[in-house]
Amino acid sequence: MANRSPAAPKRDPRPGPVMEFVHRQRRGAELFLLILSLAVGLGAYASVGLGTEGHIPTNMYVYGGWLTALILAAHVTIRYRAAYADPILLPIVAALNGLGVAMIHRIDIARQINNPDVRAFATSQLIWMTLGVLLFIAVLVLLRDHRRLQAFTYTAGFGAVVLLLLPLLPGIGKNINGARIWIHLGPLSFQPGEIAKLLLVVAFAGYLVLYRDSLALAGRRVLFIDLPRGRDLGPILAMWLISLGILVFQNDLGSSLLFFGMFLVMLYVATERPGWLVVGGALFAVGAYFGYLTAGHVQQRVEYWLDPFGHPDDATQIINGLYGMAWGGLTGRGLGLGSPEKTPYSYSDFILPSFGEELGLTGVVAIILLYALLVERALRTALICRDNFGKLIATGLGVVFALQVFVVVGGVTKLIPLTGLTTPFLSQGGSSLVANWVIIALLLRISDQARRPPPEFSEAPDDLPGFADDATQVVKLR
Amino acid sequence: MNRPIRNLAVACLVLFLALIANASYLQFFEADSLTSLSENPRNSRVSEAAFAAPRGDILVNGKAIASSEPSGDRYEFQRVYKSGPEYANVVGFFGRGLIGGLEASQNDYLTGEAPELFVNRLGDLLTNKPPAGGNVVLTLNAKAQKAAYQALGELGKNVRAAAVAIEPKTGKILAMVSNPGFNPAALASHDFAKARAAYDRLKPDSRTSPLNNVAIEEALPPGSTFKLVTAAAALSSGDYQPDTLVDGSRILDFRDTTSDLGNHNGQACGPNNKVTLIRALEISCNVAFASVGIKVGQDALRQQAEKFGFNAADPYFTDLDDSLTKQSTSVFPSDIAAVSSLGYSSIGQFSVAATPLQMAMVAAGIANDGKVMKPYLVNEIRSADLDVVKSFDKELYSQAVSPSVADQLTSMMVSVVDNGTGSNAQIPGVQVAGKTGTAQTGVSGQKPYAWFVSFAPADDPEVAVAVVVMDTAAAARRGCGADVDCEGGISGNEMAAPIARAVMEAVVNQ
């Protein structure tokens with residue numbers, strides 16, 4: 001429990017000894033799952049070679065060794081620095097990332113048939129993954145306790161705003177595909193929004209931990225719902241305006257929706273008041289309608305969503321994605337045996353239809369379940385976390401994944417209007433991959449804290465999880 | 001804070017379930033329609049995969065005019081058209097993203113996806129053979145088709161023209177050629193850039209593209225060939241017999257217009273400005289048929305035309321209908337306001353328009369004791385093992401005229417060929433019934449269309465033919481030197497009748 005929070009677990013007023021479940025480290029389980037994940041990633045890479053060129057890729061050993069080394073490094077770091085961390089998160093991420101690199105490599109091959117001079121995205125993706133894993137390790141090594149981040153609440157908020165504004169600066173900001181969300185520094189380019197996502201979660205969590213009581217207090221009750229007080233609407237209005245700004249000035253519907261949804265959900269969790277969801281939902285509806293009226297591309301997206309086949313020359317991307325998924329059917333054409341490259345951006349925004357085409361509904365459902373499992377593990381971490389700050393961060397990060405996956409996968413499968421967002425860990429794109437690895441590191445750090453028995457017993461030589469030891473667990477040293 | 005988190009977990013679960021449900025709908029329930037070439041012709045994944053699958057043959061008289069042969073490249077099978085352009089407008093073409101004609105309209109049979117072929121497909125699956133497509137057997141007669149193709153080909157590439165031959169008793173289409181043709185093999189090339197370039201060279205969006213099948217896609221003023229319909233209406237009314245004397249003046253003076261209706265040669269059609277109906281047809285007397293049409297009335301004329309197939313709301317011939325080919329409806333206008341317009345309509349001008357197929361049906365109807373049969377092109381569907389899985393039977397479209405009127409019309413048409421304007425259609429030893437047409441195009445500066453409709457033998461018809469030559473000026477310029485008056489050669493008898501004769505000979509003499 002964070003030192004600033006009111007003492008004692010809220011739902012368990014009993015003082016003294018409690019029977020509490022003690023988590024085991026489960027590092028062996030993690031290793032076993034990682035071997036399965038590696039088998040998935042490397043198997044996919046090998047079958048891409050078999051499907052496209054008829055033999056296992058010539059650089060299989062180099063790539064296989066590299067991927068294994070990265071995953072093992074991450075695993076070893078967890079063993080030493082976060083021994084109680086959730087054992088499922090890393091295997092999920094390793095499987096997704098391996099699948100992503102394999103698919104990007106598969107589309108590289110198709111792209112290079114048409115034009116041998118195009119850059120291979122898979123190589124750079126692997127380099128970005130390496131950087132991501134290095135930062136993952138750095139976070140776990142340097143950040144021994146996630147609560148230290150609470151000191152950076154306002155710094156993180158300020159940093160997020162700066163990062164979000166950067167693409168608008170002339171000179172380094174760049175308009176790509178209509179959205180102004182990129183910055184260019186020399187040969188490097190990245191989407192600062194991906195880093196801002198992480199900083200915003202930290203800033204929101206810090207802010208809400210401090211002010212949750214006042215936000216949760218008085219309000220009016222309308223139709224069974226407690227609506228918040230007008231004077232408390234400040235932060236939500238500010239966040240709403242920032243989201244609208246992203247939509248209007250950066251033409252980025254996806255990020256706008258993501259940031260606002262994330263804030264709203266964290267507000268709801270912090271205050272336990274569904275009224276905020278009602279207010280926020282109403283604001284979102286107003287903002288979305290405003291965006292629909294003012295931004296031409298939003299209307300276009302909605303039209304293409306409602307009737308893509310009525311715009312056969314313009315909605316080619318979504319149509320091609322649907323064709324690809326239908327072509328894949330239940331079991332897919334097999335890796336390397338479809339034509340995912342027909343869909344524009346089949347290696348980034350539309351990577352899921354590429355999987356749908358080559359691995360079929362089976363593969364798509366498996367990938368969606370991996371994401372569901374990832375979100376579930378994040379929310380579970382939030383549930384068992386002992387401090388509110390950690391709870392809020394874990395919730396925020398979990399929900400970010402859920403929203404992002406829903407928005408992008410729903411968009412490319414014509415469930416909702418299409419908005420440009422990356423598919424976490426699968427899509428080609430450095431900023432997103434690196435940011436997501438850091439997010440996973442943070443989640444693991446929080447879950448390590450949450451699952452770890454209190455310090456005085458974790459050091460004990462007796463590693464039998466006896467109930468007797470738990471008798472003193474309510475003692476709080478920190 | 002745990003209760004909201006648990007709620008959120010449920011909400012996230014709902015989101016993911018929605019994604020899975022949607023993906024299942026897309027990849028399982030909707031997949032069939034998204035991967036059907038007829039519903040989504042632009043799905044290039046399917047059209048490309050179709051290259052890798054063997055396609056059934058299209059057969060004429062037991063010979064494959066379209067077939068799939070191993071290609072040795074990554075698409076495995078190459079579509080081969082052994083007869084080149086001869087059947088192009090009927091068979092169509094099958095390339096990547098390029099599909100037309102029977103290849104498009106019979107696609108489900110050719111790929112084997114049609115329900116009739118389900119058992120065969122299942123058999124292939126069980127015996128682990130690659131799934132084979134069905135074969136489409138056409139009604140075409142190879143000799144008639146060849147004769148039509150060669151005769152039209154002599155007109156040259158700049159002359160748009162068409163010939164259609166029908167078996168009167170059944171409605172089977174024996175020949176259908178549109179000139180200029182195109183080579184379907186070029187469009188089926190596995191060098192997709194080349195195929196696309198060949199396709200673009202055919203200017204598919206232009207009305208005059210060789211891809212357009214003049215025989216069914218062009219509704220043109222039928223001119224004097226329409227006098228058969230007017231004569232049919234007149235004889236059916238009971239007020240006329242072939243020897244009834246009708247107005248044969250030099251000119252028909254309409255009081256409501258300045259454009260009086262005159263005869264081709266500017267002369268009266270008979271002594272005392274009178275002419276018998278049969279003589280009027282022999283010499284194609286405009287004034288006679290305009291006045292007869294006016295007397296019979298527009299309702300009787302329209303009803304007669306509609307019995308032959310004009311103004312058909314739902315097309316009677318759909319074998320070739322696909323995304324590219326749209327059959328034109330032949331038109332006899334409704335509510336003709338002016339008497340002059342009715343006069344011109346009676347001789348196949350004004351707003352009257354007919355496809356060559358329609359005019360062939362008029363001839364075939366007269367030939368078949370007044371019974372117009374629905375024209376059809378696909379005779380049978382056979383499995384890869386040549387078992388018949390579906391066959392198409394003759395079907396009556398309408399009784400256009402009574403058998404006795406049909407007999408009268410037949411003898412009048414025989415007289416046209418023997419004693420009148422249709423002399424070029426004569427076949428030694430065979431009685432031919434025919435009618436010429438030289439239709440004003442309605443476009444200033446454009447020479448008239450040359451028409452000929454006919455059937456033979458007159459006493460027991462085996463074939464009915466309609467021929468139209470559109471660019472008669474270009475056709476006349478061919479084969480005539482500076483000292484020959486080419487303009488004089490533009491007429492149905494000069495240009496269209498020899499083509500019709502060639503097709504009839506091919507059927508009758510075989």
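The following legends describe close-up views of a predicted model.

Residues are numbered from 1 along each chain as its sequence is written, and chains are lettered from A and ligands numbered from 1 in the order in which they are written.

**View 1. The largest nonpolar core, at A:Phe136.** This core has 152 residues, and those with the most contacts inside it are A:Phe136, A:Trp437 and B:Phe16. A nonpolar core is a set of buried Ala, Val, Leu, Ile, Met, Phe, Trp, Tyr and Cys residues joined through side-chain atoms within 4.5 Å; buried means under 20% relative accessible area, exposed over 50%, and partly exposed in between (1.4 Å probe, protein chains only). Beyond its neighbours within four places in sequence, A:Phe136 has contacts (heavy atoms within 4.5 Å) with A:Ala74, A:Ile78, A:Leu90, A:Trp437, A:Ile440, A:Ala441 and A:Leu444. A second, separate core of 113 residues includes B:Met176 and B:Val296.

**View 2. An open sheet of 6 strands in chain B.** The strand order is β3-β2-β1-β6-β14-β15, with mixed pairing. Strands (E, at least two residues) and helices (H or I, at least four) are DSSP runs numbered from the N terminus, and two strands pair if DSSP finds at least two bridges between them. Strands β3 (77–80) and β15 (388–391) of chain B are at the edges with a single partner strand each, so one side of each has no neighbour in the sheet. Within chain B, β6 (residues 135–138) and β14 (residues 378–382) run antiparallel and are joined by 4 bridges. B:Asn135 stands opposite B:Arg382 in β14(B).

**View 3. Helix α8 of chain A crossing helix α1 of chain B.** The axes of α8(A) (residues 253–271) and α1(B) (residues 2–29) come within 7 Å and cross at roughly 140 degrees. Axes are lines fitted to C-alpha atoms, for helices over the stretch in contact, with angles from 0 to 180 degrees between N-to-C directions. A:Val265, A:Tyr268 and A:Val269 in α8(A) meet B:Pro4, B:Ile5, B:Asn7 and B:Leu8 in α1(B).

View 4. The peptide bond between B:Asn179 and B:Pro180 is cis, with omega about -5 degrees. At 55% relative accessibility, B:Lys203 counts as exposed.

Conventions
This is a predicted model: local features need pLDDT of at least 70, side-chain atom pairs count only at pLDDT 80 or more; totals for chains, interfaces and linings use all residues. Side-chain values use heavy atoms; hydrogens and water are left out.
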